[in-house]
Amino acid sequence: AAIMRASEVKNASFIGKEVTIRGWVHRLRKQKENSFILLRDDRGGVIQCVLPTDKAAGLTIESSVQVTGIVSQDPRAPEGGFEIKGKELKIFNIAAEYPIGEYQSDELLLDKRHLALRTRKMIAMAKVRASVLHYGRRWFVENGWMEVTAPTIVKGAVEGGSTLFKLRYFDQDAYLSQSAQLYLEAMIFSLGPVWSLTPSFRAEKSRTVRHLAEFSHLEAEAPWVTLEDILKVEEQLVSYVIQNTIKERAEELEFLKRDVSGLKKVEPPFERVPYGRAIEILRSKGFQVTEDDGTKREIQFGDDLSIDSERELTKDADKPVFVVGYPIAVKPFYVKEDPEHPGIGLTADMLAPRGFGEITSGGQREDSIDSITSRMVKEGLKPEAYEWYLDLRRYGSVPHGGFGLGIERLVRWITNAEDIKDTVLFPRTMSRVEP
Ligand SMILES: NC(=O)C[C@H]([NH3+])C(=O)NS(=O)(=O)OC[C@H]1O[C@@H](n2cnc3c(N)ncnc32)[C@H](O)[C@@H]1O
Ligand SMILES: [Mg+2]
């Protein structure tokens with residue numbers, strides 16, 4: 001008989017029919033006469049199988065089995081009122097005593113992540129993540145952007161030297177890439193609008209619910225674009241991903257108890273708030289920043305936006321907000337200065353609503369060799385370490401720009417996950433590098 005999945009057989013058209021399904025014992029309830037197995041198939045679907053207890057005697061949680069039986073309807077059966085009255089049981093493996101029970105500490109679930117992936121929560125999260133990745137890629141492909149792959153072993157910082165992971169690369173030092181951006185910039189002269197989805201690495205020494213040491217970075221770069229062109233791409237991409245994901249993963253998001261009514265409103269255009277206006281709003285609310293020595297003062301023009309200030313700016317929003325035109329002093333060397341507003345960058349961050357924080361950073365790149373070299377020096381970078389990158393300003397430099405989107409940040413917002421770690425199958429943080 002054809003092997004089927006739980007989701008296929010839980011259907012009135014199968015009542016009375018013999019089916020065969022296989023998977024793992026997700027829950028097990030043994031009574032004198034009959035045992036009730038909640039069998040989980042390989043896509044996380046579950047169905048109750050009823051077997052004579054003497055047949056199911058040796059079974060344990062996570063034993064791998066195959067059951068053949070007759071589909072019947074019983075309102076008491078969990079997960080939809082269907083069950084299989086088992087006739088035959090084939091056992092592939094009797095699982096050892098399973099270390100994960102009904103309720104476990106977060107730490108244990110992280111230590112046993114290779115097994116915790118079998119929990120309904122992780123299965124639902126993984127499926128939402130897969131849709132986000134799928135629709136992120138599909139938007140670019142359907143809009144004519146070219147996929148490219150940048151190296152992840154590099155020689156230089158993009159986002160500041162403090163979060164570089166150094167490694168020994170044969171006989172020299174090298175680093176794990178923080179961002180594909182500089183390489184994407186090299187590709188636009190011959191491949192036009194390009195995009196990449198690569199792991200990016202940040203030696204973040206902060207334990208926060210929105211930082212990982214390794215994250216999935218969806219990045220894009222194009223020639224001849226302005227900041228506004230880039231913002232339009234970002235809001236179309238994010239809206240497309242969200243609307244398709246909440247449709248495709250309605251069942252999983254329901255399981256995760258995510259109310260998607262707010263997400264349904266995410267359509268272009270997103271509000272653009274000038275940085276200066278954002279500071280005014282925060283000052284009007286008496287927002288304070290903490291200096292390095294711990295003293296507090298009122299936020300002022302020139303400060304970067306912290307997670308608390310981002311939360312304040314978006315707490316009542318249903319859609320993301322772009323904060324546009326940060327001072328170049330708080331942004332990396334490559335941000336182009338606005339010729340009409342000295343000191344202000346042609347750059348923007350997309351902040352997710354309800355305090356989920358920064359989802360993207362992007363903008364126009366400095367395309368003048370003199371300006372970008374002096375910015376590097378000002379930032380304490382050695383221009384001679386970026387010779388190849390500076391060649392892009394020597395040989396046919398053009399106005400160009402792009403952005404980077406943190407996949408896990410987007411998935412966290414879509415699923416309303418407490419911690420960004422919940423959105424990754426095997427999270428990497430300062431205190432975790434296995435399993
Ligand atoms: N091609 C580009 O223009 C990208 C640019 N060089 C860049 O890396 N910008 S970024 O540092 O803000 O990172 C971009 C996004 O990447 C995400 N990001 C950035 N850092 C992290 C960490 N540590 N954990 C998780 N997610 C992270 C977050 O959503 C950021 O908005
Ligand atoms: Mg950023």
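**Pockets and domain interface**

The largest pocket of this predicted model has a volume of about 1200 Å³. Pockets were located on a 1 Å grid over the protein atoms alone, as open sets of points with protein on both sides within 12 Å along at least five of seven lines. Lining residues have an atom within 4 Å of a point. Points were joined across faces, edges and corners, and volume is the space filled by probe spheres set on them. The probe is 1.4 Å.

Residues are numbered from 1 along each chain as its sequence is written, with chains lettered from A and ligands numbered from 1 in the order in which they are written. Local features need pLDDT of at least 70 and side-chain atom pairs pLDDT 80 or more, while totals for chains, interfaces and linings use all residues; side-chain values use heavy atoms, without hydrogens or water.

The largest pocket is lined by 47 residues. Glu 159, Arg 202, Glu 204, Glu 358 and Ser 361 lie nearest its centre. Two or more lining residues come from each of β12 (214–223), α9 (307–314), β17 (347–352), β18 (357–364), β19 (400–406) and α12 (407–415). Helices (H or I, at least four residues) and strands (E, at least two) are DSSP runs, numbered from the N terminus. β18 gives the largest share, 6 residues. The lining comprises 17 nonpolar, 16 polar and 14 charged residues. Here Ala, Val, Leu, Ile, Met, Phe, Trp, Tyr, Cys and Pro count as nonpolar, Asp, Glu, Lys and Arg as charged, and the others, Gly among them, as polar.

The second largest pocket has a volume of about 830 Å³. Its lining holds 27 residues, with Glu 102, Leu 109, Ala 116, Thr 119 and Lys 121 nearest the centre. Elements giving two or more residues are β2 (18–30), α2 (106–111), α3 (113–116) and α4 (120–142). The most, 4 residues, come from α2. By class, 10 are nonpolar, 4 polar and 13 charged. Domain 1 (3–93) and domain 2 (113–423) each supply at least three lining residues.

These domain bounds come from an automatic or database assignment. The C-alpha centres of the two domains lie 45 Å apart. The buried area, the accessible area (1.4 Å probe) lost on being put together and summed over both parts, is about 510 Å². Carbon and sulfur atoms give 44% of this area. In domain 1, His 26, Arg 40 and Arg 43 lose the most area to domain 2, together 50% of what that side buries. The interface has 2 salt bridges, each a side-chain nitrogen of Lys or Arg within 4 Å of a carboxyl oxygen of Asp or Glu. Arg 120 and Glu 79 form a salt bridge at 3.2 Å, N to O.

Note on methods: Buried area is the accessible area (1.4 Å probe) that two parts lose on being put together, summed over both.
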